[in-house]
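Hi,

Here is the structure I promised to pass on.

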Amino acid sequence: MSKGLPETRTDAAMSELVPEPRPKPAVPMKPVSINSNLLGYIGIDTIIEQMRKKTMKTGFDFNIMVVGQSGLGKSTLVNTLFKSQVSRKASSWNREEKIPKTVEIKAIGHVIEEGGVKMKLTVIDTPGFGDQINNENCWEPIEKYINEQYEKFLKEEVNIARKKRIPDTRVHCCLYFISPTGHSLRPLDLEFMKHLSKVVNIIPVIAKADTMTLEEKSEFKQRVRKELEVNGIEFYPQKEFDEDLEDKTENDKIRQESMPFAVVGSDKEYQVNGKRVLGRKTPWGIIEVENLNHCEFALLRDFVIRTHLQDLKEVTHNIHYETYRAKRLNDNGGLPPGEGLLGNVLPPVPATPCPTAE
Amino acid sequence: MASSEVGRHLLFQSHMATKTTCMSSQGSDDEQRKRENIRSLTMSGHVGFESLPDQLVNRSIQQGFCFNILCVGETGIGKSTLIDTLFNTNFEDYESSHFCPNVKLKAQTYELQESNVRLKLTIVNTVGFGDQINKEESYQPIVDYIDAQFEAYLQEELKIKRSLFTYHDSRIHVCLYFISPTGHSLKTLDLLTMKNLDSKVNIIPVIAKADTVSKTELQEFKLKLMSELVSNGVQIYQFPTDDDTIAKDNAAMNGLLPFAVVGSMDEVKVGNKVVKARQYPWGVVQVENENHCDFVKLREMLICTNMEDLREQTHTRHYELYRRCKLEEMGFTDVGPENKPVSLQETYEAKRHEFHGERQRKEEEMKQMFVQRVKEKEAILKETERELQAKFEHLKRLHQEERMKLEEKRRLLEEEIIAFSKKKATSEIFHSQSFVATGSNLRKDKDRKNSNFL
């Protein structure tokens, strides 16, 4: 046991007491939630460290789905995001291979680690989306897959003898790739997003953004934003889930200025100004992927991974999953919402959690 | 710089290599991964998800933390003082009486803030524990209270429309059990209570008022207590030893249980410092001096090192056990009679049928009772109606009779009047006739007189 540590703490506590003793509350405390003034350091804030250690030990799950017509650069983008060969590109196809008749769902899991943090990353690819002649209802297999994951989680949660940590296969984030036509969204895009924005977090992304000039890009983005708004499509971060003013201003800025992100993906490195960067080499220059002047890949990466990863998971768990669960239990039991799952089985519980017998 | 990129790449490679070697020692985990066809990847650059724990922690800071402590011990043993000392605040002012008829629990919630961490602390105290003459039922209110908190959480979890992330978690995370410093052994009440609580809550036993036990006696006392606990199969909370950074400390602490503590909020000047202490004529017992008592160790273990683990144990072990028992009690199982997994839906449907039937039966019963009551009331009303009618008839008859009698009387009276007037008439005639014979001269004279006047 490190003898040094507690003594310094007591020293700190005592030195805090001697020069500046905080006033003791004169009025006796009422037995209700109150803000107490602490008279010295206790160590409550060490719980942050404890929590951090715990989460680093257990590791994280993250499931990301990419949807878009073939050839838009989905696999390349995912590889660029996670800086490794996460998906095998379909460009190695030869024409004899059949185009899948229906949308297939392929989920591949990886374990990556950085800075002591272990992450189990699952990339869910949807080859065949939007590739047939008749694309009606091609989002249905995707919706089914997402709901199946919720169902799996619900079944685990509702078990009597539950696992300590329920494996999370729910889709946390869906990147939807928009074709850079420069005009507007296609009917397929609108239909897909309309149906799926209610069950999963959708982040629309403009693919192959190196085909547009800066003016074309900003016009296109504005038009896309407007169309999404007009059609009532709430993409992530959803307005209704902003919790406080800080979140709201931050998210508003992202929603109204940056999204949808116009990205370029690449996993080849080139030498530019003495640095090795990821980029695409063309006769007229090298497009640097991580250069904010060239494309918005860095913004997307920071947004999804560095700042909002946890939030994506939380919105999926607290909102989308709960909606699914409520609907499922409702349809099943035919009980009005708000009533217990087990109906009359459990005895009524008083409203306050602690039955203080005084 | 190119070199740094390459360097980082190599570092990751080696990192992955070492990690894979130690990952292969976690055999089952890896095998499961292989079964699921998951590959480990090396990244060629910095992606940035190492900020993930920070994101998680920031979210938790926003939401705030909950911590609930239950203090079980006899009245006057120093529970409130110890809590005050632990959290360095004066929570409560008054003392409880010794004359409570049965054991009650008193819960109070406080909001503390230290730097940017907000803690919702709930202290639950037992009132009147150990004061009764017959202590057989002393532990029951405590067990009931703990169960009630689990129940409330279970109810919330089973709701259709639930909000678990804003739910104020009132489940007890740790129970500080205060042992009297007799110096001998555990009291029977202590053993009984702890045995009933050990599967429901994390118990940390402490020796209260440890300044009444001398150092040598203390060693023996601790040994005696621990051996008694072990021989009676009481499972107290063991500080976790799986994390390397704190394993050594925790293991050492495990050997020092139960902590001998002294609580005090009074400040005494010792040397040139002012410390929390208890002043006696023979010396000063300093609370935060590790030679004097184990208070610092308790605070360290309880708050600084293991608070999160206590919360986790409560949720994953004690709560799950409660939930499992409760659901099994109600007839829900995971596996049906033929050992096929039964989905909740089937069980639910079966239960629902059962309860539908039950409810219908009750409805019928109530209906029948209602109909019967109505009939009875109707009968009563009819009775009264009939009675009234009878009375009315009776009165009417009486009335008629009275009337007839009166009619009779009147007739009689009239007859009498007629008879009387007849008699009067005849007597007058008779009288006038006799008068005429004698009084006719008189009348002539009268008449002449009268005519003279006319």
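A:R223 and A:E219 sit 4 residues apart in helix α6 (residues 214–230) of chain A, so about one helical turn separates them. In general, an α-helix has 3.6 residues a turn, so residues three or four places apart point the same way. This pair does form a salt bridge, with 3.1 Å between the closest N and O atoms. Keep in mind that this is a predicted model. A:R223 counts as partly exposed because its relative accessibility is 33%, and A:E219, at 44%, is partly exposed too.

B:E358 has a relative accessibility of 33%, so it counts as partly exposed. B:R361 is also partly exposed, with a relative accessible area of 45%.

Another one to look at in chain B is the salt bridge between the side chains of B:E156 and B:K159, at 3.1 Å from N to O. Are its two partners buried or exposed? B:E156 is at 9% relative accessibility, and since the cut-off for buried is under 20%, B:E156 counts as buried. B:K159, at 29%, counts as partly exposed.

There is also a network of salt bridges that links A:K54 with B:E308, B:R311 and B:E312. Over all chains, the structure holds 41 salt bridges.

On to helix packing. In chain A, helix α3 (residues 74–81) packs against helix α8 (residues 297–307) at an angle of about 65 degrees, and their axes are 11 Å apart. Because angles of 65 to 115 degrees count as roughly perpendicular, that is the label for α3(A) relative to α8(A). The crossing of α3(A) past α8(A) is right-handed. On the α3(A) side, the contact is made by A:L77, A:T80 and A:L81, while α8(A) contributes A:F297, A:L300, A:R301 and A:I305. By type, the residues of this contact are 5 nonpolar, 1 polar and 1 charged.

Last, helix α6 (residues 188–197) of chain B. Which of its residues are buried? They are B:L189, B:D190, B:L191, B:T193, B:M194 and B:L197. Among the elements of chain B that cover the buried residues of α6(B) are α5 (139–158), β5 (174–179), β6 (203–207) and α7 (215–231).

Cheers

Conventions:
Residues numbered from 1 in each chain as written. Chains lettered and ligands numbered in written order. Predicted model: local features only at pLDDT ≥ 70, side-chain atom pairs only at ≥ 80, totals over all residues. Heavy atoms only, no water. Axes fitted to C-alpha atoms, helices over the stretch in contact; angles between N-to-C directions. Helix = DSSP H or I, 4+ residues; strand = E, 2+ residues; numbered from the N terminus. Parallel < 35°, antiparallel > 145°, perpendicular 65-115°, else oblique. Left-handed = near helix turned anticlockwise from the far one by under 90°. Contact = heavy atoms within 4.5 Å. Nonpolar A, V, L, I, M, F, W, Y, C, P; charged D, E, K, R; others polar. Buried < 20%, exposed > 50% of the residue type's maximum accessible area, 1.4 Å probe, protein only. Salt bridge = Lys/Arg side-chain N within 4 Å of Asp/Glu carboxyl O.
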